[in-house]
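Please view the sequence and the structure first, and then read the points grouped by topic below.

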Amino acid sequence: MTALALALLLGLLAGAAGADEADDAVVQLDATRSQVSFRVKFMWLINVEGEFAQVHGTVRRDRFRNLLRVDARIDVDSVDMDSPRYEEWAKSPAFFDMARHPRIEFASDPFPAVRLRSGGELGGTLTLRGVSQPVAFRLLPSSCERPAFDCAIEVRGAIRRSAFALGARHGALGDKVDLSFDVYALTPDTA
């Protein structure tokens, strides 16, 4: 084996053994362009909808394994609904309990970077009202060359209110909540 080949091999092995947070590339989510919306049925007929306008967090890339991991935080105070009365109720202790739980958090499992273009499952842990549960969402295929920068990373899925201690008005509101995430990242020049 030549000295150059041996040096390259040792460098690769050292990189694999030492791959840690320092080897990660981190991109901040764009809080102004990103949004999360939700929909739940009222009396099994009428959709009650809202959106959160403040989504913060990061997308971390493990360069060695070419895996991505998303950590997102949603400010409950940024909820926007058709009626101010609905907004106040959603923030109240009967629902999101914003005073005790001001954020909703999602931490994805690591997933292959190629999935941003091709789509596929996006698993992770959702923490809502202080309750953490595993979830599986669907990452939609990208519609542009640079997902997260030129177009949103689109994620769809549903959760059960009962799994997150959101049982208020269980007779009138459906248990299933449809979620839609449209996430953008800051480019290095705007970060």
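The protein comprises 12 strands and three helices, as seen in a predicted model. Of its 191 residues, 40% are buried. Among contacts with a separation of 6 or more, 57% join residues 24 or more positions apart.

**Aromatic pairs**

- A pair of aromatic rings is described by two quantities, the distance of the centres and the angle of the planes.
- The structure contains seven aromatic pairs.
- One of these is formed by Phe-52 and Phe-96, with 5.6 Å from centre to centre and 65 degrees between the planes. The pair is edge-to-face because its angle is over 60 degrees, the cut-off for that class.
- This pair links distant parts of the chain, 44 residues apart: Phe-52 belongs to strand β3 (residues 46-52), whereas Phe-96 lies in the loop between α2 (84-91) and β7 (103-108).
- Both Phe-52 and Phe-96 are buried.
- Phe-137 and Phe-181 have ring centres 5.3 Å apart and planes at 50 degrees, so this pair is tilted.
- Phe-137 is buried, as is Phe-181.
- One aromatic cluster is made up of Phe-38, Phe-52, Trp-89, Phe-95 and Phe-96.

**The surroundings of Arg-156**

- Arg-156 is located in strand β11 (residues 153-160).
- Its side chain makes a polar contact of 2.9 Å with the side chain of Ser-180.
- Leaving aside residues up to four places away in sequence, Arg-156 touches Phe-137, Arg-138, Leu-140, Leu-179, Ser-180, Phe-181 and Asp-182. Phe-137 and Phe-181, the two members of the tilted pair, are thus among the residues that Arg-156 touches.

**The disulfide**

- A disulfide is a covalent bond that joins the sulfur atoms of two cysteines.
- The structure holds one disulfide, formed by Cys-144 and Cys-151 with their sulfur atoms 2.1 Å apart.
- The link of Cys-144 and Cys-151 is left-handed, with -75 degrees about the S-S bond.
- Cys-144 and Cys-151 are both buried.

**The two sides of helix α2**

- An α-helix has 3.6 residues a turn, so residues three or four places apart point the same way.
- The buried residues in α2 include Glu-87, Ala-90 and Lys-91. These residues lie on the same side of α2 because they cover an arc of only 95 degrees around the axis.
- Arg-85 and Glu-88 are exposed on the other side of α2.
- Strand β6 (79-81) is included in what covers the buried residues of α2.
- At the start of α2, the backbone nitrogen of Arg-85 has a side-chain oxygen of Ser-83 within 3.1 Å.

Notes. Residues numbered from 1 in each chain as written. Predicted model: local features only at pLDDT ≥ 70, side-chain atom pairs only at ≥ 80, totals over all residues. Heavy atoms only, no water. Phe/Tyr/Trp six-rings, centres within 6.5 Å; stacked < 30°, edge-to-face > 60°. Helix = DSSP H or I, 4+ residues; strand = E, 2+ residues; numbered from the N terminus. Buried < 20%, exposed > 50% of the residue type's maximum accessible area, 1.4 Å probe, protein only. Disulfide = S-S within 2.5 Å. Polar contact = N/O pair within 3.5 Å; in protein donor to acceptor, adjacent residues only side chain to side chain. Contact = heavy atoms within 4.5 Å. Arc of directions from axis to C-beta.
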